[in-house]
Amino acid sequence: MRLILLGPPGAGKGTQAKHLVDKFGIVQLSTGDMLRAAVAAGTPVGQRAKDIMARGELVPDDIVVAIVADRIAQPDAKKGFILDGFPRTVPQAEALDRMLHQRALDLDAVIELKVDEGILLKRVEKRIADMTARGEPLRADDNAEALHKRLEAYRAQTAPLIAFYARKGTLHSVDGMAEIEDVANAIERVLAAAEPAENR
Ligand code: ADP
């Protein structure tokens with residue numbers, strides 16, 4: 001199974017991706033996690049991405065596309081994967097189409113987590129407050145200013161993907177404001193009803 005989880009920062013993509021990993025035994029490919037690992041390791045990609053990410057802006061498409069192309073070629077991605085945080089721009093989505101086409105693969109579903117922006121800000125602010133209270137290290141982009149930038153980037157660059165995938169007929173929208181369990185169940189229902197890519 002190959003899926004994309006689409007939604008703004010704080011929509012719950014990571015939480016739902018982990019649930020799907022347990023359920024279906026496929027891997028979660030989070031470009032945010034991969035880039036943070038590159039930053040922590042101080043690789044050339046990490047050095048290019050570090051300040052861009054801290055500001056809440058998007059890392060250039062060529063960097064992210066190269067990372068994903070490498071990652072989906074790994075043996076553990078054979079069984080399927082959930083893309084979390086990718087694609088984030090129309091050119092990234094087009095590059096993904098080409099990558100999959102080259103491998104004769106297809107997407108089974110694109111799942112949009114729909115959330116209310118006001119609540120979203122509160123969610124992320126709460127996550128920051130909770131982590132601070134527990135003494136956990138914050139992400140460099142977990143602050144009000146970067147968060148606004150991340151939302152702006154989502155609106156301007158990522159939201160157009162909703163229409164992009166709706167045109168392809170692979171888009172399914174789920175209410176991301178419901179309880180975690182209910183969102184997970186709604187996603188499972190969508191997947192059960194979605195026509196497998198190999199039958200299309
Ligand atoms: P969020 O919690 O905001 O959804 P992520 O962990 O997915 O964040 O990503 C954090 C940051 O990593 C982004 O703000 C961006 O700078 C960079 N990034 C992650 N994925 C991509 C991508 N597909 N294209 C460009 N930049 C990305």
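Mentor: Let us begin with aromatic pairs: rings of Phe, Tyr and Trp (its six-membered ring) pair if their centres lie within 6.5 Å, and planes under 30 degrees apart count as stacked, over 60 as edge-to-face and the rest as tilted. A search of the whole structure under that rule finds one aromatic pair.

Trainee: Why is the pair of Phe164 and Tyr165 called edge-to-face?

Mentor: The ring centres of Phe164 and Tyr165 are 5.0 Å apart and their planes stand at 85°, so the pair is edge-to-face. Phe164 and Tyr165 are both buried, where buried means under 20% relative accessible area, exposed over 50% and partly exposed in between (1.4 Å probe, protein chains only).

Trainee: What should I keep in mind about the origin of these values?

Mentor: The model is predicted, so local features need pLDDT of at least 70 and side-chain atom pairs count only at pLDDT 80 or more, while totals for chains, interfaces and linings use all residues. Residues are numbered from 1 along each chain as its sequence is written, and side-chain values use heavy atoms, with hydrogens and water left out.

Trainee: How do you know whether Gly56 is buried or exposed?

Mentor: Gly56 has a relative accessible area of 5%, and because the limit for buried is under 20%, Gly56 is buried. Gly56 sits in the loop between helix H3 (44-55) and helix H4 (61-72), helices being DSSP runs (H or I, at least four residues) and strands likewise (E, at least two), numbered from the N terminus. Beyond its neighbours within four places in sequence, Gly56 is in contact (heavy atoms within 4.5 Å) with Ala146, Lys149, Arg150 and Ala153.

Trainee: What makes Ala41 exposed?

Mentor: Ala41, which lies in helix H2 (residues 31-41), has a relative accessible area of 57%; because exposed requires over 50%, Ala41 is exposed.

Trainee: Why does the radius of gyration of the protein chain agree with a compact globule?

Mentor: The radius is taken over C-alpha atoms, and the globule rule is 2.2 Å times the number of residues to the power 0.38. For 200 residues a compact globule would be near 16 Å, and the protein chain has 16 Å, which agrees. Of those 200 residues, 43% count as buried.

Trainee: How many helices and strands does the protein chain have?

Mentor: There are nine helices and five strands in the protein chain, and along the sequence they follow the pattern β-α-β-α-α-α-β-α-β-α-α-α-β-α.
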